[in-house]
Structure formats: C-alpha cells, structure tokens
Amino acid sequence: MQHKMLNPQRSLSELPKMSTASQVERAVLEEEFNWLLKEEVHAVLKQLQDVLKEASRRFAMPTPGLESQLKQENFILGSSTMDQVKGVLTLQGETLTQADINLKVAKSSQVLHFQFRDDKQWKLQQIQDARNHVNQALQLLSSHDESYHFKTGAEVNKLMDAVMLQLTRARNRLTTPASLTLPELATSGLMKMFSPPMPGDVMANFYINLSKLCLTVYQLHVMPPNSTKNFKPAGSSVLHNPGAMFELNNNRFEVSHVHKVECVVPWLNDTLVFFTISLQLCQQLKDKISVFSSFWNYRPF
C-alpha cells in the first residue's frame, strides 16, 4: 500500500479549512466562556464579598456614640518560663484602651508597675491599615454588581489583580510590623502614655505580628562618656537585641535586656484565614480565564 507524500511546496491556501469538529469545539468554548463571564464571575464576586464582609466584621469599628458596642477584650501577657514582664492589655477593635504592665528589673528584685493614663488610648496602626485595605477591596467588588456584564477576560483579570493587591497589602500589614530605630522608639507617643511615666532607661513597643499582639520592653544603660567601647548606632528593626546602641540628647545608650511577651488574638487569626481564602478564589478565577485564553489567542484578552 503506497503512502501519498505531502508536498511541502503546497501553499497554505490549499490546506484544508478548519474541520467542522473544530468549529463545533470552538463554538462550545465560546459559549462556555460567555457563561463564565456572565454567570460564574458574578458567583465568585459574591463569594468574595461574603468572605471579606466577615473579615471586615472582625475589624468592626464602633459607630460614633455607640463605642460600648464594640467589645473590650483582655489579653494576659507573660509566660511561666520568663516572668520579668507580665501584663494585661485591653483591646477594643484597633485600639489598646488599657495596658497594665509589671516589669521585674534585672539585677534587682524591684518591680516597676505602669499603666496607661486614663485619658490615653493607643491606636494600632497595623490593624487600622489592614481594615482600610479590606474595605477598599469590598468597594472594588461592589462597583461591579450583578447587572454588570464583563466583556473580556482581561477586564476580569484587571479587577482580580486590583482586589488581590488590596488583600496582599492587608495581610502584609499584619505580618510585617514596622521597623523602628531606637531613638524613634524613645521619642514615640507611646512613651508619653504611661502613669507613672516610664523611667529614662526603660522603653516599650506594641505591635501585631500575624495573629499575635506583642509587647517588647527594653532596659537600657547609659554608656559613660569615656567608654572605650566602639559606638555603633543600631539601624531600624522590629526587635532590637541586647548590645544595640543609640544616641539621644547627647547621651549614648546601650540595650542591656530585652523582654518580649505576646498573646494570640483569635479574631486576627480569622482575618488571616479569610485573606488566604479570598486570594485563592481570585487566583482560581484568573486560572480559569487563562485556560480559555490559551485556546484562542486572537481574541482580545
């Protein structure tokens, strides 16, 4: 049986046109893609809104005049292994309304006690920023209600990218505390919050790390002016180690002891889970669109 050899010189116009089967396949794909744009995209947007509303509810802000509606939660700081610092923090949404801290001074049995002044509260900027990003993501989603018709996959991708950017920023605010220099810490508003005032050789910092509320207390000693120790000021950091040095008001200080205590805030843990679920939903929708776009590249994706 002889096989007919294909002539490589044949012009493209002589090649068989697209088979009926491929035309049918293309028509089915076209129909499925239109269904995706019309129905499934909106189903995913609705799911995303539901999840992010739950996240937003965890960050709930008190309505003016109804501050008492937002519950106050007490968190006990300290551990059985390290009892130099113990404390109780009262959190109401993004605000630390009270902090009651006991510090056992190293090298002496003296215990110092500090608490927030009655007229002072400390806002946790990380929680505030994360909440704002969640609300921006919700605004983006609600700007495309069910009557809105997406025309191309590129349009859906653009919306998903914008939502994912806000969610990534929200998550990063909770997972990445601000880096501060020691002079920034020494002169921060937090140092003016306590009664009695903290002595000049003690500094404190509060921050969020993932789902934990953290308190770091630094004990300092003043370096004598004629000290032979090489003075090298420390840069920015979330947590400074013993031996870190800095200069403030013509005095040089060295960190002698660092005490870090923390506690888990369950609702922050919830919000991080919601961020993960939402980012996965966005990515899955983008993946579906890319499957279709790889079938026909001539379409304006």
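How many bridges join E7 to strand E8 (residues 212–222)? In this predicted model, 8 bridges link E7 with E8, and the two strands run antiparallel.

- An open sheet is formed by 4 strands in the order E7-E8-E10-E9, with antiparallel pairing.
- E7 and strand E9 (245–248) are the edge strands, each of them pairing on one side only.
- On average, and with direction ignored, neighbouring strands of this sheet are turned by 35 degrees against each other.

**The largest pocket**
- The largest pocket holds about 270 Å³ of space and is lined by 16 residues, with Trp 122, Ala 178, Leu 180, Asn 205 and Phe 206 lying nearest its centre.
- Two or more lining residues are given by each of strand E5 (122–123), helix H2 (125–142), helix H4 (182–186) and strand E7 (202–209), and E7 makes the largest contribution, with 3 residues.
- By class, this pocket lining comprises 9 nonpolar, 4 polar and 3 charged residues.

**The cavity**
- Searching the whole structure finds 1 cavity of 30 Å³ or more, and the space in the largest cavity is about 40 Å³.
- The residues that line the largest cavity are Ala 178, Leu 180, Leu 185, Asn 205, Tyr 218, Ser 237, Val 238 and His 240.
- The lining of the largest cavity has 5 nonpolar and 3 polar residues, and no charged ones.

Technical notes:
Residues numbered from 1 in each chain as written. Predicted model: local features only at pLDDT ≥ 70, side-chain atom pairs only at ≥ 80, totals over all residues. Heavy atoms only, no water. 1 Å grid on protein atoms, 1.4 Å probe; cavity = no way out; pocket = protein on both sides within 12 Å on 5 of 7 lines; lining within 4 Å. Points joined across faces, edges and corners; volume = space filled by probe spheres on them. Nonpolar A, V, L, I, M, F, W, Y, C, P; charged D, E, K, R; others polar. Pairing = 2+ DSSP bridges. Axes fitted to C-alpha atoms, helices over the stretch in contact; angles between N-to-C directions.
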